[in-house]
Amino acid sequence: MFLIGQYDSPFVRRVAIAMRLYGIGFEHRPWSTFGDAGKIAPYNPLRRVPTLVLDSGEALIESTAILDYLDETVGPERAMLPPRGEARRKQLRLCALATGLGDKAVSLVYERVLRKEQLKLWVERCEAQIGGVLSVLEQERAAVKTPYLFGERIGHADVAVACVLRFTGEAHASLFPPSRYPALTAHAARCEALAPFQEIVQPLAPPSGD
Ligand SMILES: N[C@@H](CCC(=O)N[C@@H](CS)C(=O)NCC(=O)O)C(=O)O
């Protein structure tokens, strides 16, 4: 199977890291959503990444749906998300906050590099959404004393938060000053020290719009 997308995307990265953590092998096609849109389109008409193409030819889209497939593949004992109940809902909520933050951070990058003049209304809205989510995540991470958000084992929310923090810090340094978010900074450092995070990483290379 092969994973389409570059590792500077927090969404592609969270999927690739989960695959490494699960020990699931894959080929990597680091196609750019803009430069290589024509290559992505046959697998995903949205021309978005991550897209995971299975050996059968079936193409999975959306990081959450891809992780759902991977969880099913490894089974409930090893899955990085509880199968049901409150524990699942709580972790999915944090995943949604982290990936929602990622959506806004990506959107702000597009606004910066693809438009001649940025739309102030949109920029301010995204910045407020990013700041609001970071505050809540900081509070909630600070309140948890275990190594990871939901205990001793790393979960999808941990990976999502770390990947999105890295992207936000690289793309919008002024929105994520480490001194304002010590618990999140410590969380990111703990995750980034793990081998799969060190292996699966790519400095941000935004589209040029050309
Ligand atoms: N909700 C999607 C978000 C994926 C996403 O935003 N990917 C970006 C790259 S970071 C992309 O494909 N951008 C091109 C586009 O949206 O047209 C997911 O979780 O997979």
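Before you start, note that the model is predicted: local features need pLDDT of at least 70, side-chain atom pairs count only at pLDDT 80 or more, and totals for chains, interfaces and linings use all residues. Residues are numbered from 1 along each chain as its sequence is written, and side-chain values use heavy atoms, without hydrogens or water.

**Stop 1: the sheet.** Find the open sheet of four strands, in the order E2-E1-E3-E4. Its pairing is mixed. Strands here are DSSP runs (E, at least two residues), numbered from the N terminus. Two strands pair if DSSP finds at least two bridges between them. Now select residues 27–29, strand E2, and 59–61, strand E4. These are the edge strands, and each pairs on one side only. Neighbouring strands are turned by 20° on average, direction ignored. The axes behind such angles are lines fitted to C-alpha atoms.

**Stop 2: E3 and E4.** Select residues 51–53, strand E3. Three bridges join E3 to E4, and the two run antiparallel. Look for valine 53: it stands opposite alanine 59 in E4.

**Stop 3: the helix.** Select residues 63–74, helix H3. A helix is a DSSP run of H or I, at least four residues. H3 packs on the sheet and touches E3 and E4 (contact: heavy atoms within 4.5 Å). Its direction makes about 125° with that of E4. Such angles run from 0 to 180 degrees between N-to-C directions, with helix axes fitted over the stretch in contact.
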